[in-house]
Amino acid sequence: ETLNIHIHFSSSDMTTIPTAEAPLPMGKIGLLFETDGNVPTIVDILPDSPLIDTFEIGDSFEMLTLGSGVMIEDLETRELVEYLQKTSNDPERKLKMCIVRRREE
């Protein structure tokens with residue numbers, strides 16, 4: 001299982017925002033989101049989450065990619081949760097998050 005780290009440059013302030021994209025398993029992913037500003041942000045990760053070693057509390061939503069190739073961005077928390085539930089049987093979906101920080105490897 002690979003974790004892709006990408007560097008994204010925001011044109012507004014030219015700061016570097018690291019992102020992480022990971023494949024989502026089918027079914028529940030065990031991440032709890034709340035809105036921080038306008039962006040869905042992870043506020044809790046359930047102990048049995050398959051993504052517990054991938055994302056961290058404070059990471060914020062960037063993009064959901066479906067198996068069909070459709071890319072979904074700019075969602076509110078309620079919309080993101082609905083999309084995650086509606087696509088829970090899609091084995092090819094991926095979640096891309098802006099990551100706040102990472103532990104030292």
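User: What makes Phe 33 and Leu 80 count as residues that Pro 40 touches?

Analyst: Contact means heavy atoms within 4.5 Å, and by that rule Pro 40 touches Phe 33, Glu 34, Thr 35, Asp 59, Ser 60, Phe 61, Leu 75, Glu 76, Thr 77 and Leu 80, with residues up to four places away in sequence not counted. This is a predicted model, in which local features need pLDDT of at least 70 and side-chain atom pairs count only at pLDDT 80 or more, while totals for chains, interfaces and linings use all residues. Residues are numbered from 1 along each chain as its sequence is written, and side-chain values use heavy atoms, with hydrogens and water left out.

User: Why is Pro 40 called buried?

Analyst: Pro 40 has a relative accessible area of 1%, and buried means under 20%, against over 50% for exposed and in between for partly exposed (1.4 Å probe, protein chains only); Pro 40 is therefore buried.

User: How do you know that Lys 86 lies over the face of Tyr 83?

Analyst: A charge sits over a ring if NZ of Lys or CZ of Arg is within 6 Å of the ring centre and within 35 degrees of the ring normal, and Lys 86, at 4.9 Å from the ring centre of Tyr 83, is placed over its face.

User: How many aromatic pairs does a search of the whole structure find?

Analyst: Rings of Phe, Tyr and Trp (its six-membered ring) pair if their centres lie within 6.5 Å, with planes under 30 degrees apart counted as stacked, over 60 as edge-to-face and the rest as tilted; the search of the whole structure finds zero such pairs.

User: Where is the place of Pro 40?

Analyst: Pro 40 is in strand S4 (residues 39–45), where strands (E, at least two residues) are DSSP runs numbered from the N terminus.

Note on methods. Helices (H or I, at least four residues) and strands (E, at least two) are DSSP runs, numbered from the N terminus.
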